[in-house]
Structure formats: C-alpha cells, structure tokens
Amino acid sequence: MTAMGMTEADPTPFTLQRSTGTYAEGAAKLAGEIGATAVEGVLATGNRTGVRRGASGFIGTMTPKPVDWYAFDAKDEDTADWYPQGLSGSADSGGVGVPAFAVTWYYKPETKTGERGCRVTFLNPRTLRYQHCLLVEARPDGSYGPIDIHAGGCGWVGDRLYVADTFRGLRVFDLNNLLDLRTAQSDLGDADRVGRHEGRFHAFGYRYVIPQSDSWRLVKRGAVFSFVGVDHTSGTLASGEYKEGTPLGRVARWDLASGGDLASGVPRDAFTLGAEMIQGAVSVKGTWYLSQAFRNQRNGRLLVAAPGRPSISRPWCIGPEDLTFQDGKIWSVSEFRNRRAVFAVSP
C-alpha cells in the first residue's frame, strides 16, 4: 500500500537557540552534593523486571509479528497514571558497555493529584531488569522540581539525552549527572515529596534523579516537537510534529557535533511528512521510517518513505510511539495500558 510521500519544507520554523539559563550550574551544584553513577550502575540496581514477549495485545492484527519485544512489569503495564512515549538506545549513545534502551514517560493521572512530571526508564534487554529515573529541573535554592512536559520523544547521543518539549524545543540531560539519592541525606520512602525538605532529598520515592543541564529553544514559536530520532548514518538529530486531520506535519534535522552536542541551532533540512498522526520518525541511510497511530483500538502503520517518492505502508502495532534504530532493526514503544512494549521489526 502506498501513501502520500514526504516533500521538502522550509526548515526555518525549527531554528533553535541555546538557552542562556543556569541549567548546567544548577545540575553541577546538585551533583556536588549527591553522588553520581553511570547508566550501567542504574541497570545493575534495576528494581523491576520486564517480560520478554509479554503484553502481546499491543500487536493486534499486526503481521508479521515483531521479531522481538519486551513488556514492562505488571504494575507498569497496568498503571493508568504513566504513559511511555520516547525511545532511544545504547546504539544511539555510541555504547555504554551494556545493551540498553531509554524510554521516557509522562504523567497523566486518572484522578487529579500534584504534578509528578516525567521520567526516563533504562532497560537492559538481556537481563530484563530496569529502573525509572525522575527528570528534574534544578532550582536556585539548591533544590529541584518535576518537569511538566509530554516527553514525546528522546534521543540518546553520547552522554546527552535529548527530550522533546512540545512547544519549546529540546531539553538536554547530561547522563554524567545521573544522581543516586542513596549517597546523600534522603528519604526514598516518601512517595509524595520532591526536592529538598528539611535538609533531606526526595523524589517521589525514586532512587535516581537526572537534572536538566541544557536547553535548545525555538527562536520563534510555531513548530512542534513531538518525537526525536537519531541517525548516525547522516550524523543528525531529528524532531517533528504530530498533527491530527492533516498530512502537513513536518520533521527537521540538525547536524550533530563530536561529543553529541548540536553543531548549530539551524536545521540542516526539513520535510513535510505526508501523513497525519505521526508519533515517531527516524532516518537511516536516506530512508525515513514514520510511526503512525490510529487511536487505542486500531493498529497503526509504519510508513517507509523517501523525499519525493510515495510512502510504502506496513502493518504496525496498537498505540505506537517514538522510533529508534538498533542492531539492524527498527524499534518502537507502545503506550496503552496493558499493551506496553519495546519491540523490533526488520527494516
């Protein structure tokens, strides 16, 4: 099946500028008080265990089935408060010593409670162990708070984790500042507090926090950042727009410098996606893969595209989100309750 294809677009609306805020200073201050660890350390202390080939309901009528997939544990599958969105992997990062996936989640509770922001999960597909880490923003008083964003996509490049901030641009988290609250005066048993209170650190019960260290913000509002994809074959980071009712959502790419930083806030190029409800996009050797959703009871589509050509459609899962390329496969994550999995298909 073919669909309307991608076409070149003006990249100017996606132009970013580096924030002049004090993110790095605040993150460094927290790191000076709280001991840091590495992703490998987080995975070694994983307090949850996934299920290989579990939660098969996410597949729906998808044929052929994914070549492999990993569901979360029963509690994370069943929660109505947290929804997985972004996906990246250790292949994107350049390697961290162990195979790993990073999954971002946003908080949308059934009953209105205080804001709990967003989190990132590191999952080892060999051991199936995983751990949630709270993403936070440092405050001038030496404390920190949750980050209230959708976190619809993430890209793991070197020590940097780029997270989509829908109407602002990209937030950046330095994984050298992956902070273990057990190394400081903390109260991990208090699931209702976050930040510093009476000299003790809290994080809604999470052991690990990652403070924001940098930011690339839109020069002029208008473009939307719904997902993120890393392409090492072109040395670029991509982000683009989820749009309903129109095929005119766009995606843009920025060149990456050595070390994983953006070489510039000026995009290399941009394209109109040619399809609505795109939840993820990644390019590999000039070919684009687009993850298209169709509500929570219908299978989506994976569109294989190249600018100037009709897109080819493949059956996709129910509730597909962000995309990444790892081990020669296209990986995605599905979001809906009891249908959550990190899964792979052959390109």
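Contact means heavy atoms within 4.5 Å. The model used here is predicted.

**Exercise 1. Find which residues of helix 1 are buried, and what they pack against.**

Step 1. Helix 1 spans residues 23–33, and its buried residues are Tyr 23, Gly 26, Ala 27 and Leu 30.
Step 2. These residues lie on the same side of helix 1, because they cover an arc of only 100° around the axis.
Step 3. Glu 25 and Gly 32, on the other side of helix 1, are exposed.
Step 4. The packing partners of the buried residues are strand 11 (129–138), strand 12 (144–146), strand 16 (178–180), strand 18 (200–203) and strand 19.

**Exercise 2. Locate Ala 223 and decide whether Ala 223 is buried or exposed.**

Step 1. Ala 223 sits in the loop between strand 19 (208–218) and strand 20 (227–231).
Step 2. Buried means under 20% relative accessible area. Ala 223 has 2% relative accessibility, so Ala 223 counts as buried.
Step 3. Leaving aside residues up to four places away in sequence, Ala 223 touches Pro 13, Phe 14, Thr 166, Leu 218, Glu 241 and Arg 250.
Step 4. Ser 239 is 16 residues from Ala 223 along the chain, and their C-alpha atoms are 10.0 Å apart.

**Exercise 3. Count the disulfides.**

Step 1. A disulfide is a covalent bond between the sulfur atoms of two cysteines. The cut-off is a pair of cysteine sulfur atoms within 2.5 Å.
Step 2. For Cys 118, the closest cysteine sulfur is in Cys 154, 10 Å away, and therefore too far for a bond.
Step 3. Cys 317 is in no disulfide either, with the nearest cysteine sulfur, that of Cys 154, 16 Å away.
Step 4. The count comes to 0 disulfides.

Terms used:
Residues are numbered from 1 along each chain as its sequence is written. This is a predicted model: local features need pLDDT of at least 70, side-chain atom pairs count only at pLDDT 80 or more; totals for chains, interfaces and linings use all residues. Side-chain values use heavy atoms; hydrogens and water are left out. Helices (H or I, at least four residues) and strands (E, at least two) are DSSP runs, numbered from the N terminus. Buried means under 20% relative accessible area, exposed over 50%, partly exposed in between (1.4 Å probe, protein chains only). The arc is that of the directions from the helix axis to the C-beta atoms.
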